[in-house]
Amino acid sequence: MDIVLDYSEEFFFKPYIYPETWRQDDPLRQLINLYVVTNIGGALLYLSCATASFYLLFDHQLMKHPLFLKDQIKLEIQYTLKSVPWISIPTVALFFLEVRGHSKLYDEVERSPLGWMKELANFVFFVFFTDMLIYWIHRFLHHRTIYKHFHKPHHIWKVPSPFASHAFHPVDGFLQSAPYHIFVFLFPLHKVTYLGLYVIVNMWSTSIHDGLFLVPKVLQPVINGAANHTVHHLYFDYNYGQYFTLWDRIGGSYLDPSTKLLEENDASWKNKLN
């Protein structure tokens, strides 16, 4: 995150906001900058990904589904934008620790004997590691003593649009994002790879809410795509995974969308799965 912080300092905060007497590496200044950048950047990333998905990929026929709420798009956006400033508070605390050098992020890939091949391996490990943690966090949030307090707001959208991708209660939103931050305090990762993964993760979160079942048939038993996540929104206790079906299969929570959605005798899903 220090890459983003440095650019924001150079092109915005330093020339237009702060007096020259305030040191750029002052902790309070860094915290303020991180909070501003996280909120604005997070909102822009969410709105750009969700808007592109809504107009280019989302099946607008789903808005006629009986479970699609009146003014749902507006409500999803409003809920997300109200939650982002609160989710940002603990997130900024972790970003601050990264900026102050307490993570295992690095910026000199040349020092690795494997170079960018190591980064590719790190990418794969990051995806599998975070998928595992998110599965268990997500499943925990469905426990009957927790669900109604934190995760239920996300399940208001039984037939979600891409704008529902980040419409979480702040506690829920932070907990499900925590594995991405935890990773860099446990394992080495290049800073550019980390930023790239941050964008990819947000794009993926949008894609599993777009109602577009594009995962090739050969990969459907493995990949937790939009069809799997649609089942999750409709039936709650299945398909908690983020990227893969592995942990749902291990945890006994996998439900095959190609059979369950067809059982509903609903043309909205039949046309997509046949």
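Which helix gives the most to the lining of the second largest cavity? Before getting to that, some ground rules: this is a predicted model, so local features need pLDDT of at least 70 and side-chain atom pairs count only at pLDDT 80 or more, while totals for chains, interfaces and linings use all residues. Residues are numbered from 1 along each chain as its sequence is written, and side-chain values use heavy atoms, with hydrogens and water left out.

The chain has 11 helices and two strands (DSSP runs numbered from the N terminus, H or I over at least four residues for helices and E over at least two for strands). Along the sequence they come in the pattern α-α-α-β-α-α-α-β-α-α-α-α-α. A compact globule of 274 residues would have a radius of gyration near 19 Å, and the chain agrees with that at 20 Å (taken over C-alpha atoms, with the rule being 2.2 Å times the number of residues to the power 0.38). The C-alpha trace spans about 65 × 45 × 40 Å along its principal axes.

A search of the whole structure turns up three cavities of 30 Å³ or more. A cavity here is a set of points on a 1 Å grid over the protein atoms alone where a 1.4 Å probe fits but cannot get out, and lining residues have an atom within 4 Å of a point. Volumes are the space filled by probe spheres set on the points, which are joined across faces, edges and corners. The largest cavity holds about 580 Å³. Its lining takes in 28 residues, with His166, Phe168, Gly173, Ser177 and Asn202 nearest the centre. Helix 2 (27-56), helix 3 (72-99), helix 4, helix 6 (170-186) and helix 7 (191-207) each give two or more residues to this lining. By class, the lining of the largest cavity has 11 nonpolar, 17 polar and no charged residues (Ala, Val, Leu, Ile, Met, Phe, Trp, Tyr, Cys and Pro count as nonpolar, Asp, Glu, Lys and Arg as charged, and the others, Gly among them, as polar).

The second largest cavity has a volume of about 50 Å³. Of its 11 lining residues, Val159, Pro160, His209, Gly211 and Thr230 lie nearest the centre. Helix 8 (residues 226-235) is the one that gives the most to this lining, with three residues. The lining of the second largest cavity divides into six nonpolar, four polar and one charged residues.

Notes: On a 1 Å grid over the protein atoms alone, a cavity is a set of points where a 1.4 Å probe fits but cannot get out, and a pocket is an open set with protein on both sides within 12 Å along at least five of seven lines; lining residues have an atom within 4 Å of a point.
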